[in-house]
Amino acid sequence: MVRSLKKPKKIKHRNKESKKGDSSSSSVPSAPAKVWEPGVDKLEEGEELQFDPSAYNYLRGFGVGWPCLSFDIIRDSLGLVRSEFPHTLYGVAGTQAEQASWNYIGVFKISNISGKKRGLVPSATADGDTDMDSESSSDEEDDVGDASAQPILQLHKVAHQGGVNRIRAMSQKPHICATWADRGHVQVWDFASQLDALAESNAQSSQGGNSINRVAPVIKFDGHRDEGFSIDWSPVVTGRLVSGDCNRCIHLWEPSNDSWIVDANPFVGHQASVEDLQWSPTEADVFASCSVDGNISIWDSRIGKSPAVSIKAHKTDANVISWNRLASCMIASGSDDGSFSIRDLRLIKGDSLVAHFEYHKQPITSIEWSPHEASTLAVSSADNQLTIWDLSLERDEEEEAEFKAKIKEQANAPTNLPPQLLFVHQGQKDLKELHWHQQIPGMIISTAADGFNILMPANIETTLPSA
């Protein structure tokens, strides 16, 4: 699996003036737009990709300084299902800095997220501190000048020893977070004071991030023999954690008196690096893992240190998995060859494959089921695409022909796209991880080498429940 970020650099503003083009271009006759297919189409010299502003209810980029391989969205107390703008969100992110001593965990709050069906283009942060920026395809100056429409990013930095491979927040106690360091240790942190400070702040502009604070972790575990990228909190048992490493080992963490006891005797069953871990959404003692050996394994911590079931899921590395929390029999996995699969765990010992897609051209880097729609999931890939899929959709030839007739003068759309493909988001480079917001239906956040995106596709709004 391709995990690292090549030569990480602090993220800077794009040059907006270079994107506006020459005024003489208005004299060129317009032609039907073409939908760009990464890995298929190539840009000619002087060509530039454009996006359809009407495709998004919200799209904006932000950064916390250095690029981040991993982040998580913090569960908050602002409402279980929020559908009305403006929105506020909280998150944590771990950096991949140019030098190990420069790394930190960013604890952040973004407020005043006001959706507009306008041309908001994601951009990155200036000099790597706190910044939110947008560009509009037609009304850029108006949007930038309207301070009330700008989201506000507030950031607290906590020093971290080495780069952060993975970070996860506990759903039951969101201020508790676990990190996997590239130096081979796993730590648990308490960010209650940082989150309280953010919640109490009524800042009217982006701020923070100028200094890095030193906070002692609650616990640091050095028992892994190698670094790792897999870690997950149990949604059923508060404080229960598993961490997996590149040396095939998985350790179980049990909460004990405001700390943790880590079982020194690991679970071992894979033949290569453990790439991802997911607890069952319903079973307290059951979790799943995937590995470079191409297998998905299901483990029951009550019955030993070997997998209860192991299946060959992919021909190449199995990079990521996601256990559906709305339909707990379904598990999704993404591979190094760009394919991803859906399996029914009720049929795990037989033919469990429900669906298999080979749309992406590069390794799958993240996959996650929607927390609001059981048939919907999002996928990111090293081909710089973030895609959203609805497995309940089927091809309707009559409807398809009618749609093509309507748009033929506007865009030349590809004819070979799977009917389950609901949305394609592009514009980020070297995508690494995505998450749906558990409390804001339709919102996805993604991280890449050039920063974060917050996106809310317009065409999935109708499938989501209203508040």
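Q: Which residues gather in a patch of negative charge on the surface?
A: D396, E397, E398 and E399 do. Keep in mind that this is a predicted model, where local features need pLDDT of at least 70, side-chain atom pairs count only at pLDDT 80 or more, and totals for chains, interfaces and linings use all residues. Residues are numbered from 1 along each chain as its sequence is written, and side-chain values use heavy atoms, with hydrogens and water left out.

Q: How's a patch defined here?
A: Patch residues have over 30% relative accessible area and no salt bridge; like charges are joined within 9 Å, and nonpolar side chains (Val, Leu, Ile, Met, Phe, Trp, Tyr) within 5 Å. Asp and Glu count as negative, Lys and Arg as positive, while His and the chain ends are not counted. A charge is placed at NZ of Lys, CZ of Arg, CG of Asp or CD of Glu. Areas are Shrake-Rupley with a 1.4 Å probe, and for residues only the protein chains shown count as cover.

Q: Where does E397 lie, and is it buried or exposed?
A: E397 lies in helix 4, residues 397–407 (helices are DSSP runs of H or I, at least four residues; strands are E, at least two; numbering is from the N terminus). E397 counts as exposed because its relative accessibility is 64% (exposed is over 50%, buried under 20%, partly exposed in between, with a 1.4 Å probe and protein chains only).

Q: Switching to salt bridges: how many in the whole structure?
A: A search finds 11, each being a side-chain nitrogen of Lys or Arg within 4 Å of a carboxyl oxygen of Asp or Glu.

Q: What does R166 pair with?
A: E433, with the closest N and O atoms 3.6 Å apart. That links distant parts of the chain: R166 is in strand 9 (residues 164–169) and E433 in strand 32 (residues 431–436), 267 residues apart.

Q: Are those two buried or exposed?
A: R166 counts as buried because its relative accessibility is 8%, and E433 is buried too, at 4%.

Q: What about D285, which partner does it meet?
A: R240, at 3.0 Å, N to O. Both sit in loops: D285 between strand 19 (274–279) and strand 20 (286–291), R240 between strand 14 (230–233) and strand 15 (241–244). D285 is buried at 17% relative accessible area, and R240 is buried at 12%.

Q: And R346?
A: R346 bridges to D344, closest N and O atoms 2.8 Å apart. R346 counts as exposed at 62%, whereas D344 is buried at 7%.

Q: Which residues do shared partners join into one network?
A: R240, E254, D285, D300 and R302, through salt bridges.
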